[in-house]
Amino acid sequence: MLHTGRHFLQIPGPTNVPDRVLRAMDEPVMDHRSAEFAALGTEVLQGLRGIFQTAQPVIMYPASGTGAWEAAIVNTLSPGDEVLLFETGHFSTLWRQVAEKFGVKVNYVPGNWRRGASAAELEARLTADRGHAIKAVMAVHNETSTGVTSRIPDLRRAIDSARHPALLLVDTISSLGSIDYRHDEWGVDVTVAGSQKGLMLPPGMSFNAISEKALAATAKARMPRAYWDWQEMLKPNRSGFFPYTPPTNLMYGLREALRMLQEEGLPNVFRRHDRHAEATRAAVRAWGLEIVCEDPREYSSSLTAVFVPEGSDADKLRAVILENFDMSLGAGLSKLAGKVFRIGHLGSFNDLMLAGTLCGVEMGLRLAGVPFKEGGVLAALQSMAPAGQKVESAVTSK
Ligand SMILES: *Cc1c(COP(=O)(O)O)cnc(C)c1O
C-alpha cells in the first residue's frame, strides 16, 4: 500500500528524531583534532552530566547500547567474578549473556517478566553473602520488553542495609531523558545509556556514567579491554578530545538534543512522559486489554506493553496497523512474542502524536478482529484534557 504523510515510529526505540536535531547534524564532517571540535566535545561531555544527574565524568562511545553494556563489565570486573543480575525480561537476559561471555558468574535472580527487581530479595541475598563474593549488582532500570521500571533507590538502600560493598550497575537505555533517574543521588556506580531512545538521536552512540568507586575498581579489574577502556578515554576527554575518531555528526545532534532537554527542563520532560503513559494506560483499560506490568508503582513512563486476548496474534495486529496506518509498534520479544505489543511514548512526542498513535491501535484492533471494547481513544483524550482543566503540559520548545 502507498502511504502518504509521515510514518508513525512508535516502537520504544529508536524514537522519532526531531527536525531540529536532524538539521543540526546536516553539517560537513569536521576535523576531530581541531580546536572547533574540542569545544563541541567539551560542551556535550559537560551537558551529559546534567542528564545523568551526576557531577562525575560521562564516557561516550561510538556504539549501540550493547557496547556500553560490555564497557560497564570489562572496566569493573575480572573473569570468574560473581554478580547478581535481576531477570526482568528480554534485555536483562541479553545483558546476562554479555557478562557470561566474559567469564562472569551470573546469579540470575528469577523474575516473571511482569515485575521489577526486588529490593527485599537483593537484601536477603547480599546479607547471606558474608564473604562478599558478589562484586556487582546489575539491573535494568526500564525493562523495554515489558514496560516495567525498577525502583533503583530501593536497590541502593538494600545494598546499604546489607552493608555490602558490591558495585551497582544500571541499564537506563530506555529511561534516560524520559524517566527520572539520578546517578549520584541514587548511588549508582555505572549507568549505561544509549542515544536512540529518550535522547531523541539516531542509533550509534552510547554512554557510561561512572562513580569514583567504579573508577577505582578499574585498577583491580582484569578483564581485557582496549576500545572500552575508561582510563584511555578520560585522558583526552579532559580537553574535549577522544582516543579514536568520535561520531562527529551525531555529536552535533547530541548538542542540539541536550539544548532541547534543557529548554524544556528535566522535571517537565519527566512529567510529560508520565502524563502520556497514564493516558495510554487509560486507553488500554478502556479497551479491556491487560497491561503487562503488574505493579502500578512500576509502570513505565516510556512505553506500555499490552497483552492481546488469548487466541489473538499480536504480530498480526502489528502487521495490520503497519499496512493500513503506516505505524510501527514494538513486537513482543522472546517469550512474549505474538502475545504482546508495545506502544512507545518516549522522546520527541506530544499529545496529538499520542492521540494519533492510539487511534491507529484502536482502528487496528477493529480491522484485525481482536476482541476489544470501543472507547480507548476517548478515555486517553479525557485523561490528557480533563473537562474544565488547563492542559498542564503545554510546554513547547523554542
Ligand atoms: C534498546 C535497549 C538495549 C539495546 O541497545 P542497542 O542499542 O540495541 O544495543 C539494551 N537495554 C535496554 C533496556 C534497551 O531498551
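Ser 334 is partly exposed, with a relative accessible area of 43% (buried means under 20%, exposed over 50%, partly exposed in between, with a 1.4 Å probe and protein chains only). The model is predicted, so local features need pLDDT of at least 70 and side-chain atom pairs count only at pLDDT 80 or more, while totals for chains, interfaces and linings use all residues. Residues are numbered from 1 along each chain as its sequence is written, and side-chain values use heavy atoms, with hydrogens and water left out.

- Most residues other than glycine have a negative phi, and most peptide bonds are trans.
- Ser 334, which is not a glycine, has a positive phi of about 40° and is found in the loop between β13 and β14 (helices are DSSP runs of H or I with at least four residues, strands are runs of E with at least two, and both are numbered from the N terminus).
- Asp 326 also has a positive phi, near 55°, and is found in the loop between α11 and β13.
- With 13% relative accessibility, Asp 326 counts as buried.
- The peptide bond from Gly 13 to Pro 14 is cis, with omega near -5°; Pro 14 is found in the loop between β1 (8-10) and α1 (19-25).

**Helix α11**

- Residues 314-325 form helix α11, whose 12 residues reach 16 Å from the first C-alpha to the last, close to the 16 Å expected at 1.5 Å a residue (the expected span is 1.5 Å times one less than the number of residues).
- Ala 314, Leu 317, Val 320 and Ile 321 are the buried residues of α11.
- These residues cover an arc of only 120° around the axis, which puts them on the same side of α11 (the arc is that of the directions from the helix axis to the C-beta atoms).
- The buried residues of α11 pack against β13 (327-331), β14 (340-344) and α12 (351-368) (contact means heavy atoms within 4.5 Å).
- At the start of α11, a side-chain oxygen of Asp 313 comes to within 2.8 Å of the backbone nitrogen of Asp 315.

**Ligand shell**

- There are 13 residues around the ligand, of which Ser 64, Thr 66, Thr 144, Asp 171 and Lys 197 come nearest (a residue is near if one of its heavy atoms lies within 4 Å).
- Helix α3 (residues 65-76) gives the most to this shell, with three residues.
- A polar side-chain atom of Thr 66 lies 2.5 Å from an oxygen atom of the ligand.
- A side-chain N or O atom of Asp 171 is 2.7 Å from a nitrogen atom of the ligand.

Technical notes. A polar contact is a pair of N or O atoms within 3.5 Å; within protein, one must be able to donate a hydrogen and the other to accept it, and residues adjacent in sequence count only if both atoms are side-chain atoms.
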